[in-house]
Each structure stands twice: as structure tokens, then as C-alpha cells.
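Please look over the sequence and the structure shown here, and then follow the explanation below from one region to the next.

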Amino acid sequence: TETVTYSYLDGAATELPLTIEMGAASIDPDQVVVTLGTGEIADELRSLGLPALVTFHSVMKTMPRFLALSDRVLGWTDKSVTLTAVSGLVAGQAASGLPGNAVGTLPNGFDEAFWRATPAPPSQSRTLRIVSALRLQPRKRPLALVEIFAETVRLTSGKGIELSLTMAGDGPLRGAVEHRVASLGIAGKV
């Protein structure tokens, strides 16, 4: 299926292909990637003067300098842009690069009550299932998790404890993680 969008700028619905040529500038793969779009749709949205929301998702080391430079060159915060971040730390870092601009903090969408488990009756099972949701990138240290799990398997061997590790995620270290799991002999448990 092809994705399309419609323009109502001229008062009549006009079908447009949903393609925006993207140019990306990134400082460090572990940090935020800033993507500026061009093309028919992006240009039309800008021409409408619609408010925009920019949310910073990652801890920024050198990004504040880039933000300051990009704002001086492009003046992008002068338009109807609301700046937000996913934590107070990230908001402070973004604000340091954009003096005079407020950067709000979005509340965490975690619903503790939803995840609160009803206590289960005591079990005679000696199974421990470890689950981790993470991006498989160096910063998240998935190889360390695999190695610690393998050591735990070794230490509990012969003690009647069944262990399993579920890693939910993907990323540039996926092949290295799979290779390490195989080389440690724990493929049946991960």
C-alpha cells in the first residue's frame, strides 16, 4: 500500500505523495539526531504557520552548542515552536543551548497501577525469568548483560534453578550479542 496525504491549502483537497526529502545532522550516535525536512509537505506545513512541538529524548553532551548555532542560523525557535524534553536533565541541557526559550518536561507515561501485579501464591518453581527491554547499542551495555547472565547460569548450575533471559530490542550490536550468546553456550537460555 502507498501512503498519501492531502493538502487543503487551496481550499480543495489535493493528493500529495507522502515523501519528504530528509537531511540529517548528527553530533554523536548516542545523542539526539536532528533531522530537518524539506519537500512539498514540509514547506506547506511551514507556510500554514502551524505550531510545532520539538521533544528532546536523549541526554545531550555537546548538542546544546549545535542547538545554539542552528537557532542562530535558522531562527527556528522564533516560530511557533514549543520545546519539551523527556526529563528535567534533558530539558536543562536543551535550555542551556537555547537561552531565552522555555523547555518543558513531559510527564512520564508510566502507569504504576497498570503494572502492579497481584501477589501470586508461593510457588515451588525454581525458575527465574529475566526480561530486559533495551536498545542493543554500546551505551546500554547489552554484552555486559549477556556476560553477567552467563556467569549467573554458571554459578547456579546443579542447584535446581532454571534461568532464562529475554532481551527485547534491536540495534547495531545485535550480531555481536547473538555471537556472544552462542560463544558462551547459553543460546538455549536467551
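In this predicted model, arginine 141 sits in the loop that lies between β8 (127-133) and α5. The phi angle of arginine 141 is near 60°, which is a positive value in a residue other than glycine. Arginine 141 counts as exposed, because its relative accessibility is 58% and the cut-off for exposed residues is over 50%.

Helix α5 covers residues 142-156, and it packs with helix α6, residues 174-183, at an angle of about 15°, the axes of the two helices being 10 Å apart. Because angles under 35 degrees count as roughly parallel, α5 is described as roughly parallel to α6. The crossing in which α5 passes α6 is right-handed. On the side of α5 the contact is made by Pro142, Leu143, Val146 and Glu147, while α6 contributes Ala176, Val177, Arg180 and Val181.

Elsewhere in the chain, helix α2 spans residues 63-74, and its twelve residues reach 16 Å from the first C-alpha to the last, which is close to the 16 Å expected at 1.5 Å a residue. Within α2, the buried residues are Met63, Pro64, Leu67, Ala68, Ser70 and Asp71. After α2 comes glycine 75, whose phi is positive and near 60°.

Methods:
Residues numbered from 1 in each chain as written. Predicted model: local features only at pLDDT ≥ 70, side-chain atom pairs only at ≥ 80, totals over all residues. Heavy atoms only, no water. Axes fitted to C-alpha atoms, helices over the stretch in contact; angles between N-to-C directions. Helix = DSSP H or I, 4+ residues; strand = E, 2+ residues; numbered from the N terminus. Parallel < 35°, antiparallel > 145°, perpendicular 65-115°, else oblique. Left-handed = near helix turned anticlockwise from the far one by under 90°. Contact = heavy atoms within 4.5 Å. Expected span 1.5 Å × (residues − 1). Buried < 20%, exposed > 50% of the residue type's maximum accessible area, 1.4 Å probe, protein only.
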